[in-house]
Amino acid sequence: MSPRPADPGHGPRGRGAGGAGPQRGSGARTGPGRRAAARPAGSGVGRGGNGKEPGCALSPAELRWNCPPLEPSGTPPTAAFLLGQERAMAALRTGLAIHAPGYNLFVSGLIGSGRAAVVELLLRDISPTCRRVPDRLFLRNFREPNRPVLVSLPAGRGPAFRDELQEFGASLQAALQAALRSRPHRMSRRVVLRASGSRERRIMDALQRQAQKQGGALVRFQTQGGAATADIYPVVDGEPVTLDALSALVIEKKLDEAVRTRLLLVREQLLERLDEVNERIREEQARVAGELRQMDRQLAWKVLQTHSGEFVRRWPQPEVADWLDAAGEFVERHLGQFVAQEADGEDEAKETGPAPPPPDAPKSVEFQAKIVKTSINDRCPIVIESNPTFGNLFGTIAGPGDGSSPGPQQINPGALLRAEGGYLVLRCLDVLREPGVWPYLKRTLQTGKLEIREFDQGSGTQTGPLQPEAIPLDVKVVLIGEPGVYEQLATEDVQFPQIFKIHAEFDSSIPASPQGLLRYADYLQWLAGREQLRPFAGSAMAAVAEYGARAAGRRDRLITRYSELGDLAREASCLCAAAGARTVTRAHVEAAIARRRHRHDLPQELTEREYSSGYMRLSTAGDTVGQINALTVLDTGTLEFGRPCRITCNSGAAVPQRSGLVNIEGLANLSGPIHDKGVMILEGFLLQEFGGEGPLCMQATICFEQLYSGVEGDSASLAQLLALLSSLGEVPLKQVLAITGSVNQKGEVQAVAAVNEKIEGFFRLCRARRLSGRQGVVMPRANVCDLMLDHEVVHAVQKGDFAVLAVGTVDEALELFTGLPAGQVLLAVRERLRHYRTLAGG
């Protein structure tokens, strides 16, 4: 905020009419001391609802509620007792009691930090009945490796299943190892191998005899790789010779070319026969290898049946039996990976060892289960997820460290699965902000099934090869949102009310009744005991209650932002300890409030410095025509404070190019729609009062002086109307007074927001210029119940240095600002309008 308002765009932006923010009847307000519902204008025209004469000054007792010392009950308060709102609590109980699709909860109205903790305490206080859900485990899928199998077990039995499965796998491997290495099995394999070897030798011997008859020889040898092979060599003089040696004999004339040709022809014939023999041997070896594998599989299957029978009897779930069948099939197919076989003979391992595993087969069979959900006890799970990213909410699939494909052991559960059988508490705004979370959360709640997938935030889609089986989900989601969010989501998404059927809406305040005050006292006593703060005296508790009423914006209401009250209590206790006192008193609480305000009031100090230095022009003495002091409110986010602002009005006869009321801020695009509506209402009032005599035939301009950053709201419409009537009737207005209030077309003054801040803002300005005893603020009578003014304002009124006056009609306000009867002022305006009609020829 700039201390020099002369530069447009650097001044503070006002809230309300002239900075008052959204007014009563114009929508909800949020933040400290703001109200969400419209209230009627109060007593209307004439005598006020409090029995006072029109435009009367309020007594000091009406400016502030002073709470008597409080006495706690000594019983630790529950969250339900502190909030004290049966409508919302009944909605919560209904949502928690019904276990059916769509009965999730949306909680709104709990404003301030620690809302999730408050909801958790409410759930604990209600003690809802939770159904114990099965334990959830994932196992390797041997038929479809990218789709891990889900196994659901009775609650709490998951760890026992995991441990027994590991023991089962170890014992099965040992049993298979022993069976396959047993002497009977090895003897059976040896019989088959020897019979096959005998057949191979007979085939080769027959080929050897045929070769000898035809002049050739069958030569057997081993290659460098150790593999056995054979070839046909020609026989010369009873000795087999190589082809090179045969050619050398021809060259040396030791052998006729005709003989060489005959020998080569015989060799070619025998080679064809050798190929046939080799093929028969390969077929025999393949047959024998298959026979041996079949023998191993049959033995392995018997072992599997023996061991799995007891396991299935202990775990009779159908998915367990089906998984064991698939595991048995896998073990049979990849027996060599599961059991390291030993050679039965010198050639057995070489010839008939287990076939090498396929490239995509796992290195070993994992008889392991990954638990993603287990119930340790019967306690109802309540999970608060403060960072609902896609992975934190739905679960993740981590990549293996060795670079292999992910499996069940890489599946990690999210908050939804941890909360299964209970409640998951989320902040609505956090859910909506996270990429991809809201659509998948809706789908999960609609289908009742949770899919754990890898998620790519860049593309907003699920990725990754692993697709675990969907998990049936039984969970209630509790969304915490701001007031109005439920209605907005229901309007924008037709599915939303069907997913969140229960809306528990808490009011931000409770009545300042004896029961409400007892809630404050019990809370402060409980907080002091829990956090070892200094004990609070009854007067200190009363001071905290007065703070709660001021923050609520009405002295008959108390805020339910207990986190804010707790911060105040901690700061007061800190001041008490620093002063060496044993008990927190009213003085400590008021000092903590003052220090808290001082930490944030630099923008207020800069604004007041602008007035004291003369940069901002505003009169607090004398009378002026067409000029009035309006009251606005500035909101820095941590502090609201009042700022007086000058409104001026000039009027004259209408001209053809321009007539009616001109809103300068509106023409400059510096006003909001509510403010523009307030200006239009002024024309409606003029038509009611003076339109019966003919056209108004006037033009007037209204402006907020030295306000460069915009204005919204209608709480200055009463001030604008008085300035307009003053300009038209040429009746001066008292500058010692400031005014706030909304007005309707009938001349009734309506309530506005932040009336305490506005009065205190003008009081500080007058005090800086020295109080004269004539200064004061005019406010709507409907806002009297909202007054919780600072003690210094009340003391000034009590001494007669300052005044707070309440009005219910425009006539009352006119009389206060002009010192004349309202009829006389309106008569002057009527005469001026007649003059304008005469000039216009009307």
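Predicted model: local features only at pLDDT ≥ 70, side-chain atom pairs only at ≥ 80, totals over all residues.

Student: How many strands form the open sheet, and in what order?

Tutor: There are 8 strands, in the order β1-β31-β30-β27-β22-β23-β25-β24, and their pairing is mixed. At the edges are β1 (56-57) and β24 (660-663), each of which pairs on one side only. Helix α21 (residues 602-613) packs on this sheet, where it touches β22 (627-635) and β23 (640-653). The direction of α21 makes about 40° with that of β23.

Student: What should I look for in the interior?

Tutor: In soluble globular proteins, nonpolar side chains tend to be buried together. Here the largest nonpolar core has 62 residues, and L92, F506 and V589 have the most contacts inside it. Helix α18 (residues 538-552) gives the most to this core, namely 10 residues. Another core, of 49 residues, lies apart from it and includes V679, L682, C697 and L816.

Student: Which residues does F506 touch, leaving aside those up to four places away in sequence?

Tutor: Among them are L83, M89, L92, V107 and S108.

Student: Is S108 buried or exposed?

Tutor: S108, in strand β2 (residues 105-108), has a relative accessible area of 1%. Buried means under 20%, so S108 is buried. Beyond four places in sequence, its contacts include G481, P483, H503 and F506.

Methods. Residues numbered from 1 in each chain as written. Heavy atoms only, no water. Core = buried A, V, L, I, M, F, W, Y, C linked by side-chain atoms within 4.5 Å. Buried < 20%, exposed > 50% of the residue type's maximum accessible area, 1.4 Å probe, protein only. Helix = DSSP H or I, 4+ residues; strand = E, 2+ residues; numbered from the N terminus. Contact = heavy atoms within 4.5 Å. Pairing = 2+ DSSP bridges. Axes fitted to C-alpha atoms, helices over the stretch in contact; angles between N-to-C directions.
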